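I opened this model to look up strands, salt bridges, cores and surface. My entries follow in the order I made them.

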Amino acid sequence: MRKWIETVLTHPKTILVITVLLTIFLAAGLPRIHFDPSTKVLMPQNDPYFLMGERAKHIYGDNRTFLIAGIEPRDKSIPLFSTQLFNHMNELDLELNEYKDFNAELEDSRFQTILETSGVKAVGSGIVQEKNQDKQSKTLSEENPESNLDSEILGEESTNQERNSDENNLDEEILNENKSKQNTSEEENLDKEILEGEETSKNQQEKDSQENPEEAVWDLTKPFHEENYAEFRRKEREFNFDHYKLVSLNEIAQNLDSNAMRTIRTAARMANLADFNKKLTKGEFEDFMEAYQQIYLYKSAEIIKYLMTPISGEDIEGTKDELKPVDLLPTDENGHHILPKSKKDFEKLRKKLLKNPQFRSVLYGTNPDGSMRAFGFTIILRTLKRYKVIRNILWNVVMKYDHYPAKIYFLGSLVFNKIMTEFQQDDLRKFLPLVVLVIILTFYFNFRSGRGLVLPTITVVLGSVWTIGLMGWLGVKLTMIGTILPPLLIAVGSSYSIHIFNQYMQELHNLHTGDKKQILLESMTHISTTVWLAGFTTFISFLTLLLNDVTGLQSFGLFAAIGTVLAVVLAVSLIPAALMILKVLPLRKQAESDAPKTHNQFIFSIILFLSKLSVKHSKFVIAIAVIALAIFGYGVTLVKTETSPVQFFKKDTYIRKASSYIGKVFDGSYVLTVILDSKQENGVYDPAFLKYADRLRQFIAQKEQEENYNMLHTSGFTDFIKRMHMAMNGDDPKYYKIPDDRSTIQDYLEIFSDEDEDSDGRIDVFERTVDREFRRIAIAVRLGERNGRDIGTEVSRRAMNRIQWFLDNQPNPNGYSYMIVGEPVNFVRLGQYIVRGQIKSILMSMVIVALVIFLLFRNERAGLTAIIPIGLAITLVFGAMGYFNIPLDIAQAILSSIAIGIGVDDTIHFLNTIRRNLKKGLDLDSAIAKTHEEAGLAIVYTSVALIFGFSILMLSNFKPIFYFGFLVSSVMAATTIGALLGLPAVIHFFKIDVSKERKGKIFDKLNLQRFLE
């Protein structure tokens, strides 16, 4: 360390130039950063439940794309069945259907008219050659529109590397399905039973896969590539705006067909353009064209796979020899639906909706008494790799109609992700300047000098910029906890900067009377050693997050560790280099004594009080600590895990309000999928299998499951069979059941005349419920809010266990098997990984910190002593979480690492200073008092900066981040008190001499101190 400081002081200008160059390079990576709030970036890529869920999407589609819009009258003066409301809904229906059925001629004509009206030129026709479409058209994940939104902070395009960084690693996973056993613990049931399947030999699996390629999808020992992604039928085009002539949105609309205005409004909303009469500037028109082209391209992909609305919805009609889909509303000669106008028309429609049980909670929602309250628009999208662009488009399409006469609630996983991303961006924009402001104020009040404000501030900001810029260059995404990282790095960096500059302030008198370079060399070497010790243990503590199986936490831990190293390097390089170049600060006025005047007499008096208390009443201090440890230790056992995204939002946010509404009126939108396997091709023709599936659905439909397990609605293949049976029997409700004869079911499926667009052997409306060989069926189970109980991880876990319990206890002579997949499963698994990772992280961090300090001090008692205040602080905070019902979520999962990593800094600073004083010949009591005087202020200043810096996170829109800010601030306060009160009390009571070093060849070789000298 001494050699490094000597180099810095000898070549300060070189150090500053290198710092500037590195900053320019790494800052260029900032625009490349983007957010990904999805579960996929958090889940371990080898988790069997996650893998099966990903493969299930290949067969049944992605349930994350399930979206529901609840529409009801905006006030009581408007009836639900009214011309006014239906005209409004019809506008939304017409616009959504353009994403389902692409009218190429019309859309191309609209696009060309806009270009001609504005004078803008486009490169190429944008049309994909139909005969070569399979080869030439790209999947949506590879198209440029995705990259237009990839850069979330500074708006620049992401690299190809980023756009492809989501490629899954399924090829490398080798996992076998195992038959679960019933008589295991609840946690073991979840681990073993969700993916239930009979064991088969490896040879038999290979044989089955060769005979039926679909079997390879379910075999986790086989490589799997998802290739069934939606494709554009149009290419993205570049524009030449050189000849753009100022136009308004209304002028554009005047040259288009009347229906095009809906798309114009959506594109304008996406581009934040409100005035349709205003002439658009070139920049505004560019934004408009970017939004319009995104809409155009996703329409060309017919991105909406399934759309069910009261306007364009279909029912099933049966005759003697035919089953066919029929529109709920009649159509005119142009194919437009004729809206009901009279009471008779509305009553006819109402009866149609009530006649088919499948429509409840899909086409209409109900009040608690069962009466109709709202209409539903249900959307399911085609499978994509990323949904960022389309979720933004659909949000603007639907919410554009959230005005009189309708009130709309729009919900689904994609809506969660959209709003979560926006909240993350808002948090980051809000946090960074506020955290920097708090740090600046802390520096100012601590040091009362310009350089005491500027140098530490520049240092901490650069540490954050370097780290986030590096992430950008490497294509690493910010997950849902990513907003914590920048303020965390600034707060961590402030700690090291304060220690460095505080040491400079203590040496002012000597700097005015002695050799500047030599005094800076001695003082900076001493304090830099302390900073490196603290930084190293913080680095190790963050690295322990790599032990957590949660991918997002691994990434966070890695870059928090890297950021810590960069913060230390900047603190021990930039500040000493600048101080060497600058003139020495003038001395402040002295008190009557020869001692320099302290920066803050009030804080200093508190430090002296703690010093006396720790020495004169050490036994009392230790007794209080033991009692607190016992009380809060019990609270730790009460901590619960929460990973469900709906719980991340505060009560007054749109997400919570919409979730509550959809849960009460439409029976929820949080979907898990139960896949039942008949074990034979065409097994779904067997009435016994369908009745087995229907018994499960009837069980879930019981009031008990709704009240206790939040399971509110199911849908599946049996709905179609029962509706067909009913239709073929004069729509008599008593025939809404599974037929008893296999040939009847087979006949129904053969005579049902509906589309099979992709020619995979399944009617399109069946695709989300049955596989291609008609062997397995998928039952979608919706979870939602009930009795004031929100959907959370615990509720999801209990619901899954309840389904498992039922299936495991049903007669099953045919050996049917099942598995449960979906987002709720992923979040339950995520919670388990967080708990396991937290335990491993705490234990490993404590052991490593104790070992490192032992090797640095060559004193085992110093190593054990160092973990006392940290362990106490962690116990107090986690115990408080248990008592105050604060859940352990994805954000709190890093709490212990931060508590240990940052909290140990104060401990190391205290231990290193007391060791130096003991080596000077002071007795233990005097050394403790002297250490409080020398290190106490720096420890308090550091903690104040950290506490106020992390308190800024309490302004977050996310509950996990809010709690995180509160808890980390509490941890910092606890570790500060532990370092200034608990640690010296223990040292005094047990007479621990941290200056004594173990001797011997082994200890000499293991001496890490020499690397810092």
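**Entry 1: ground rules.** I count two strands as paired if DSSP finds at least two bridges between them. Helices (H or I, at least four residues) and strands (E, at least two) are DSSP runs, numbered from the N terminus. The model is predicted, so I ask for pLDDT of at least 70 for local features and 80 or more for side-chain atom pairs, while totals for chains, interfaces and linings use all residues. Residues are numbered from 1 along each chain as its sequence is written, and side-chain values use heavy atoms, with hydrogens and water left out.

**Entry 2: overall count.** I looked up the totals. The protein has 36 helices and 13 strands. Of its 1013 residues, 60% are buried. For me, buried means under 20% relative accessible area, exposed over 50%, and partly exposed in between (1.4 Å probe, protein chains only). I then checked contacts, meaning heavy atoms within 4.5 Å. Among contacts between residues at least 6 apart in sequence, 81% join residues at least 24 apart.

**Entry 3: strand β8.** Which strands pair with β8? I found β1 (residues 67-73) running antiparallel to β8, joined by five bridges. In this pair, I71 stands opposite F375. Strand β4 is also antiparallel to β8, with four bridges. There, I304 has L381 of β8 as its bridge partner. Strand β7 pairs with β8 over three bridges, again in the antiparallel sense. Y364 has F375 of β8 as its bridge partner. I also noted that β7 and β8 make a hairpin with five residues between them. In its turn, G370 has a positive phi of about 95°.

How many residues of β8 (residues 372-381) are buried? I count nine of the 10, so the strand is largely enclosed by the rest of the structure. A reminder to myself: side chains in a regular strand alternate between the two faces of the sheet.

**Entry 4: salt bridges.** I searched the whole structure and got 43 salt bridges. My cut-off is a side-chain nitrogen of Lys or Arg within 4 Å of a carboxyl oxygen of Asp or Glu.

I took R233 and E302 to begin with. Their closest N and O atoms are 3.6 Å apart. R233 sits in the loop between α11 (213-218) and β3 (239-240), and E302 in the loop between α14 (282-300) and β4 (304-308), so the pair ties together parts 69 residues apart in sequence. R233 is partly exposed at 23% relative accessibility. E302 is buried at 13%.

Next came R360 and D667, with closest N and O atoms 3.0 Å apart. This pair links distant parts of the chain, 307 residues apart. R360 is in the loop between α15 (343-355) and β7 (364-366). D667 is in the loop between α25 (654-665) and β10 (670-677). D667 is buried, with 3%.

Then I checked K919 and E997. Their salt bridge has its closest N and O atoms 3.2 Å apart. K919 belongs to helix α33 (residues 895-919) and E997 to the loop between α35 (959-989) and α36 (1001-1005), so the pair ties together parts 78 residues apart in sequence. E997 is partly exposed at 22% relative accessible area.

I also logged a network. Salt bridges link E98, E107, R110, D257 and K299.

**Entry 5: nonpolar cores.** I define a nonpolar core as a set of buried Ala, Val, Leu, Ile, Met, Phe, Trp, Tyr and Cys residues joined through side-chain atoms within 4.5 Å. The largest has 298 residues. F285, F288 and L488 have the most contacts inside it. What does L488 touch? Leaving out residues up to four places away in sequence, I list F542, F556, A560, I898, I902 and F950. Another core lies apart from the largest one. It has six residues, among them L26, L462, W466 and L570.

**Entry 6: surface.** I computed areas with the Shrake-Rupley method and a 1.4 Å probe; for residues, only the protein chains shown count as cover. The accessible surface comes to about 40,700 Å², and 55% of it belongs to carbon and sulfur atoms.

I then looked for patches. They are made of residues with over 30% relative accessible area and no salt bridge; like charges are joined within 9 Å, nonpolar side chains (Val, Leu, Ile, Met, Phe, Trp, Tyr) within 5 Å. One nonpolar patch covers about 860 Å². F620, I624, I627, I631, Y634, L638, Y883 and F884 make it up. Which helix gives the most to it? Helix α24 (residues 618-636) does, with five residues. I624 is in helix α24, and it is partly exposed at 44% relative accessibility.
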